[in-house]
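I set out to record how the secondary-structure elements of this chain are arranged. The entries below follow the order in which I looked things up.

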Amino acid sequence: MTTFNLQSTEFLYAYTHGREEKSLCALEQRAIFGEESDHLIISTKNIDPNRSPFIRSKLSILFSGQSVQEISEQVPQLELGGQTFKVIFMKINDLSDEDKIEYAERQQIEREIGWNVNADAKMKNPDILFGIVPFKGLWYFGIYQENENVWLHHVKKPQEYSTAISARLARAVVNIAVPDPAGVSVIDPCCGIGTVLVEALSMDIPIVGSDRNPLAVKGSRENIAHFHFDGTVKIKDIADEEGHYDVAIIDMPYNLYCRATEEELFTIIKNARRIADRVVILTIEDMDEMISKAGFTIVDRCVANKGIKALFSRQVVVCE
């Protein structure tokens with residue numbers, strides 16, 4: 001029998017999000033995959049599921065078929081080299097409510113597949129975790145990987161602002177701004193306490209930060225060091241930035257007691273146009289006219305709501 005290695009060229013991503021996050025999640029999906037879906041996306045793009053706060057799991061597809069039986073007939077080709085395994089039925093799929101597979105049947109499917117794998121099964125801590133899932137009329141089988149939600153470790157920082165964006169939002173925004181990090185130069189020129197910097201650095205995305213507020217820069221450096229990342233943060237106004245970057249991420253200044261003037265906001269956008277080819281702007285105000293006046297074209301956008309009641313919202317605007 002011909003053996004089959006465990007290399008994949010196609011990947012299935014299972015998504016989950018709150019109702020208030022639907023718009024943000026869809027924008028992240030469009031940025032990374034060029035499409036959006038409520039639950040599942042199949043792509044040839046191979047990304048770490050830990051990158052996204054919305055990806056629940058990833059299936060590196062090895063086999064597909066019209067039925068579970070077809071999958072069972074293919075899995076004997078696998079060569080695990082003495083490694084143990086376990087098969088799980090993925091909870092997130094596209095079956096309608098009336099077609100949902102109950103727990104006992106899911107277990108039976110797992111056993112049927114497992115019986116045909118030429119290796120030792122292990123229920124706890126197997127070397128390889130396989131998954132099987134129905135999607136758009138086909139069954140898919142492959143290596144299963146869950147999102148470990150690493151961004152949750154960044155929620156509690158030594159330094160915080162009450163108006164700073166959440167780690168979850170920051171992580172999504174970094175993915176929107178930098179869907180493919182290879183060879184991309186990135187700056188956050190109004191970095192505040194460094195929430196965006198921490199998320200980007202945790203994903204090995206090279207980014208530099210700057211802010212004209214020395215206290216913010218001090219806090220940003222402290223937060224980056226707290227998580228043992230290596231990042232550069234300068235005390236510098238965006239108007240004084242001399243370099244040029246592929247991407248800039250800008251959370252526009254916001255404070256309940258001291259709001260930036262329209263002139264100050266436009267100056268930030270105008271300088272962003274000068275230093276970067278692509279800019280992702282987070283704002284609580286409608287800035288379309290300023291963005292256009294600065295020479296940008298808005299290519300995509302979403303609304304990021306805080307809480308189900310959306311008592312506070314930010315726009316995420318992608319400009320080129």
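**Strand pairing and helix packing**

I began in the sheet, where Ile61 stands opposite Gly142 in S6. I note that the model is a predicted one.

I then looked up the strands to which this pair belongs. Strand S3 covers residues 55-65 and strand S6 residues 138-146; the two pair in the antiparallel sense over eight bridges.

Next I traced the whole sheet. I found an open sheet of six strands in the order S2-S1-S3-S6-S5-S4, and the pairing is mixed. Strand S2 (40-43) and strand S4 (85-89) stand at the edges with a single partner strand each, so one side of each has no neighbour in the sheet. From one strand to the next, I read an average twist of 30°.

I turned to the helices that lie on the strands. H1 lies across strand S1 (11-15) and S2, and runs at about 170° to S1. Helix H3 (residues 103-115) lies across S4, strand S5 (128-135) and S6, with an angle of about 145° to S4.

Last, I examined how two helices pack. Helix H1 (residues 22-33) packs with helix H4 (residues 167-177) at an angle of about 30°, and their axes are 8 Å apart. Angles under 35 degrees count as roughly parallel, and H1 and H4 are therefore roughly parallel to each other. I recorded the crossing of H1 past H4 as left-handed.

For the residues in contact, I listed Leu24, Leu27, Glu28, Ala31 and Ile32 in H1, which meet Leu169, Ala172, Asn175 and Ile176 in H4. By class, I noted seven nonpolar residues, one polar and one charged in the contact of H1 with H4.

Methods. Residues numbered from 1 in each chain as written. Predicted model: local features only at pLDDT ≥ 70, side-chain atom pairs only at ≥ 80, totals over all residues. Heavy atoms only, no water. Axes fitted to C-alpha atoms, helices over the stretch in contact; angles between N-to-C directions. Helix = DSSP H or I, 4+ residues; strand = E, 2+ residues; numbered from the N terminus. Parallel < 35°, antiparallel > 145°, perpendicular 65-115°, else oblique. Left-handed = near helix turned anticlockwise from the far one by under 90°. Contact = heavy atoms within 4.5 Å. Nonpolar A, V, L, I, M, F, W, Y, C, P; charged D, E, K, R; others polar. Pairing = 2+ DSSP bridges.
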